[in-house]
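This report is an introduction for a reader who has not seen this model before. Please have the sequence and the structure open while reading.

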Amino acid sequence: MQNRLLAHSTPLILALILLAFVAGVALTGDRALARMAAETLVRVTLVVGLWIFVGNSGVISFGHAGYMATGAYCSAWLTLKPQAKALFLPDLPVWLANAEWHVFPAAIASGFLAAFVALISGAAILRLTGIAASIATFAFLAIVYTVYSNWEGVTGATSSVVGLTRYVGPWVALAWAVAAIVAANLYANSASGLALRATREDEVAARASGIDQYRHRLLSLVISGFFTGVAGALFGHSLGVLNPDSFYLGITFIALAMLVVGGIGSLSGAVTGVLVLSLLIEALVRLEQGITIGEAALALPSGAQEILIGIVMILVLILRPAGLTGGAEFRLRARTPRLSFDQEQTTTN
């Protein structure tokens with residue numbers, strides 16, 4: 001019982017870390033930092049959603065940006081004003097063209113649509129194992145990107161869809177990030193999560209024990225797809241604009257990089273990787289724009305951000321192959337009961 005309580009202390013610790021991060025940014029009053037904090041917490045929701053599948057199954061997925069795109073455009077279809085949809089998305093069905101939902105139920109609906117797409121795609125992809133499954137997820141991403149880049153009347157194709165309500169600030173993003181962390185922890189400590197990690201450690205032994213690998217992988221992908229879809233909706237409503245290029249290779253590799261740098265073996269690693277790389281990216285962006293120290297101006301050359309991030313990732317993987325957290329979770333420690341003096345004497349005798 002005590003071990004289960006300690007396991008569930010992880011989301012509490014992570015939530016407090018994120019709360020301190022948002023509160024610290026809010027105290028500065030810097031709008032640019034507030035925007036960075038919101039983007040970081042949206043990434044937390046995305047990477048935690050990705051971890052629910054990748055971290056528990058051990059299968060690297062390149063296709064989650066496709067679920068993110070599904071959620072982002074679903075939210076746009078539901079929340080954009082009818083006049084804007086008539087201009088940018090003229091081929092939407094009448095009921096969808098006239099819909100004007102509040103952003104919160106739209107985010108929920110976006111998550112469920114992404115989860116449904118994950119169920120359909122996963123039913124086929126997860127019959128494969130190992131590198132074949134990973135390649136299939138990349139093929140799925142390519143299909144989604146091609147469809148969204150060419151379905152002009154429904155997605156706007158390569159033209160940007162603008163006019164989304166920009167309601168996602170640091171506190172809204174924090175609430176969703178904490179919800180994703182709690183859900184991820186609950187799944188990881190559920191019977192399905194434990195069974196799935198058993199297949200990750202030793203697939204043959206798990207099958208011999210009667211564990212249905214396919215069923216548990218599919219369930220984790222559906223839950224993962226839900227939060228990835230919500231992250232897509234949050235992404236759109238934080239920027240106010242959508243474009244298919246935002247949901248392709250760039251976001252795919254940065255999400256996987258954050259997961260690997262932090263530690264793919266733990267939920268704490270997923271959150272740590274997002275915070276560390278997001279803060280590093282923000283610092284390098286500001287250095288590229290130039291900073292003034294006394295009378296001297298310091299600025300990095302354009303493009304140095306990507307090079308330096310790549311170097312940092314290489315160093316982390318060389319020095320800490322299991323990530324910054326080493327695959328360990330942030331947990332409260334159990335107190336070891338100490339013997340009283342009388343008990344010690346009795347034990348000695």
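## Basis of the model

The model is predicted, so to speak of local features a pLDDT of at least 70 is required, and side-chain atom pairs count only at pLDDT 80 or more, while totals for chains, interfaces and linings use all residues. Residues are numbered from 1 along each chain as its sequence is written, and side-chain values use heavy atoms, with hydrogens and water left out.

## Annotated spans

The unreviewed UniProt entry carries the annotation "transmembrane region" for residues 12–29, 41–63, 101–121, 128–148, 168–188, 218–240 and 307–328. UniProt positions are given in the numbering used here, feature names are shortened, and such annotations may be inferred rather than shown by experiment.

Residues 101–121 are 90% helix and 0% strand, with 27 Å between the end C-alpha atoms. For residues 128–148 the figures are 90% helix and 0% strand, and the end C-alpha atoms lie 26 Å apart. Helices (H or I, at least four residues) and strands (E, at least two) are DSSP runs, numbered from the N terminus.

## Helix 2 with helix 10

Helix 2 (residues 9–28) packs with helix 10 (residues 170–188) at an angle of about 165 degrees, and their axes are 9 Å apart. Axes are lines fitted to C-alpha atoms, for helices over the stretch in contact, and angles run from 0 to 180 degrees between N-to-C directions. The two helices are therefore roughly antiparallel to each other (under 35 degrees counts as roughly parallel, over 145 as roughly antiparallel, 65 to 115 as roughly perpendicular and the rest as oblique).

On the helix 2 side the contact (heavy atoms within 4.5 Å) includes Thr10, Pro11 and Leu14, and on the helix 10 side it includes Pro170, Trp171 and Asn185. By class, this contact of helix 2 with helix 10 has 13 nonpolar, two polar and no charged residues. Ala, Val, Leu, Ile, Met, Phe, Trp, Tyr, Cys and Pro count as nonpolar, Asp, Glu, Lys and Arg as charged, and the others, Gly among them, as polar.

## Helix 15 with helix 16

Helix 15 and helix 16 (residues 304–319) pack at an angle of about 145 degrees, and 9 Å separates their axes. Leu280, Ile281, Leu284, Val285 and Glu288 of helix 15 meet Ala304, Gln305, Leu308, Ile309 and Val312 of helix 16. The residues of this contact are eight nonpolar, one polar and one charged.

Gly269 lies in helix 15 (residues 267–289) and counts as buried at 0% relative accessibility (buried means under 20% relative accessible area, exposed over 50%, partly exposed in between, with a 1.4 Å probe and protein chains only). Not counting residues up to four places away in sequence, Gly269 touches Met258, Gly262, Gly263 and Thr325. Ser110, in helix 7 (residues 103–125), is buried with a relative accessible area of 0%. Leaving aside neighbours within four places in sequence, Ser110 is in contact with Gly71, Cys74, Ser75, Gly229 and Ala233.

Ser238 belongs to helix 13 (residues 213–239) and is buried, with a relative accessible area of 12%. Ala157 sits in the loop between helix 9 (152–155) and strand 1 (161–162), and is buried at 8% relative accessible area. Ala157 has a positive phi of about 55 degrees although it is not a glycine. Most residues other than glycine have a negative phi.
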